[in-house]
Amino acid sequence: MNGQAHAGRVFAAVDIGASSGRVMLGRVTDGRAELETVHRFPNGVVELDGGLHWDFDALFDEVLTGLAAAAGTAAASGERIASIGIDTWAVDYGLVDEAGKLIAQPFSYRDERGRTAVADVHKVLGQARLYAATGLQFLQFNTLYQLATERELRGVQALLIPDLIAFKLSGQRRTEATNASTTGLFDAVAGEWAGDLFKALGLPKNLFPAIIQPGGTVGTLLPEIAARTGLRAETAVVAVGSHDTASAVAAVPARQEDFAYISSGTWSLVGVELDSPVLDEASRLANFTNERGVDGTIRYLRNVGGLWLLSECQRTWAAEGHRQELAALLESAAALPAGGPQINADDAAFIAPENMPDRIRSAVRAGGAVLPDRPAAVVRCILDSLAAGYARTLARAEELSGKQTSVVHIVGGGSQNRLLCQLTADASGKTVIAGPVEATALGNVLVQARAAGAVTGGLSELRALVRASVGLESYEPGLGNMPTT
């Protein structure tokens with residue numbers, strides 16, 4: 001039976017975003033899934049040798065601390081951890097040598113190096129050819145542009161961040177498919193590495209390890225990892241939708257197929273779920289992406305700006321001595337009239353971490369308007385801009401894919417932002433269903449549970465289990481800032 005208890009087995013989800021991470025325990029019993037956070041930790045870029053990097057060593061140490069906490073929590077309840085699944089953001093990678101040593105701290109996608117290589121890559125592989133093969137949205141930080149800046153790739157392998165964590169845990173090298181599809185080197189139709197692109201760009205054909213699908217077993221824990229964490233050495237490391245958006249979309253609690261989704265967090269991923277990619281010229285010019293989802297689905301979407309803008313504004317205000325609680329900011333922003341100035345929230349000008357309020361006001365001035373120098377006005381501008389961007393993107397996704405939708409599911413941290421949810425309903429003219437907040441971790445756990453036989457069925461069954469497990473809020477267009485009951 002779907003969601004039936006299986007001898008005290010629990011599943012550890014390592015879920016890391018660009019600003020924070022956590023290790024969670026997932027339990028699937030009696031038709032419900034439950035999550036318990038056992039360890040939270042900060043994450044962020046660091047300046048190193050003139051570039052923006054991730055401190056992977058510190059990150060992995062936090063993962064081990066979290067897994068040790070998970071082992072202790074499970075043991076205290078008489079449970080055993082059956083497997084570990086890992087999801088993170090996309091595109092970034094670490095290079096490891098033949099002995100498995102990480103040769104440098106991985107670059108962050110927020111570093112400017114990818115932008116410098118775009119023109120050279122497009123001289124070899126034009127955008128039209130790239131899109132026809134990969135179906136990938138053009139973003140200056142896509143993996144292939146980052147790789148084009150590397151000086152030496154002989155004798156090393158590139159491991160995407162979740163695959164690098166899995167390797168450090170198990171000693172086994174694989175590339176999980178949903179994240180591979182974000183590199184710009186993955187064949188959108190065949191679902192494998194696009195060997196001709198590697199050859200054209202002069203990249204070693206074995207630069208990345210072989211593809212593994214969500215639900216496949218990467219390996220079991222290395223003895224030293226088992227000793228450090230207190231986990232059994234036979235604990236499996238299972239591939240999940242290792243691109244966090246893939247796990248989040250797997251946990252969208254949709255009842256029918258005619259849904260759109262917004263995975264709203266640091267970035268917003270806005271789109272629809274398809275059975276096959278859309279690779280025509282209109283799709284390329286609209287800059288939509290075709291990324292793999294769980295069970296071979298296609299996440300047809302665009303990256304849109306996200307709550308990074310809001311969190312960066314809060315950080316700037318706090319540094320200036322004006323720390324304000326988010327709830328108060330949102331209440332003040334909601335009280336402002338509609339029709340205020342907007343920005344293009346996914347403009348590349350907002351990628352880097354600097355004084356965000358100033359950059360937003362500058363963008364508004366460049367558009368011929370004026371934004372009052374008050375935090376509430378800046379917050380309202382951000383949320384109006386995001387909602388408008390969501391609506392435009394959803395309408396374009398329907399037009400390009402031919403898939404009509406009746407409801408929009410907002411999952412992730414943005415689902416808690418009531419004002420953003422209502423503004424999205426108003427802008428799109430569609431019912432918005434908000435939740436779950438922890439969609440990524442739920443999708444991670446459910447793929448593990450299915451691999452272990454604790455859950456059966458396809459995505460519709462997994463999504464029914466999510467609906468039975470979490471509370472959801474519904475927002476209707478034109479009803480103001482309060483959700484319907």
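## The second largest pocket

The lining of the second largest pocket divides into 4 nonpolar, 3 polar and 7 charged residues. (Ala, Val, Leu, Ile, Met, Phe, Trp, Tyr, Cys and Pro count as nonpolar, Asp, Glu, Lys and Arg as charged, and the others, Gly among them, as polar.) The model is predicted: local features need pLDDT of at least 70, side-chain atom pairs pLDDT 80 or more, while totals for chains, interfaces and linings use all residues. Numbering starts from 1 along each chain as its sequence is written, and side-chain values use heavy atoms, without hydrogens and water.

This pocket holds about 270 Å³ of space. (A pocket is an open set of points on a 1 Å grid over the protein atoms alone, where a 1.4 Å probe fits, with protein on both sides within 12 Å along at least five of seven lines; lining residues have an atom within 4 Å of a point.) Of its 14 lining residues, Gln256, Glu257, Phe259, Glu273 and Arg463 are the closest to the centre. Strand E14 (268–274) and helix H17 (459–469) each give two or more residues. H17 supplies the largest share, 4 residues. (Helices, H or I of at least four residues, and strands, E of at least two, are DSSP runs numbered from the N terminus.)

## Where H1 crosses H5

The axes of helix H1 (residues 56–76) and helix H5 (residues 161–170) come within 11 Å and cross at roughly 60°. The crossing is right-handed (the near helix is turned clockwise from the far one by less than a right angle).

Phe56, Phe60, Val63, Leu64 and Leu67 in H1 meet Leu164, Ile165, Lys168 and Leu169 in H5 (heavy atoms within 4.5 Å). This contact has 8 nonpolar residues, no polar ones and 1 charged.

Methods. Grid points are joined across faces, edges and corners, and a volume is the space filled by probe spheres set on the points. Axes are lines fitted to C-alpha atoms, for helices over the stretch in contact, and angles run from 0 to 180 degrees between N-to-C directions.
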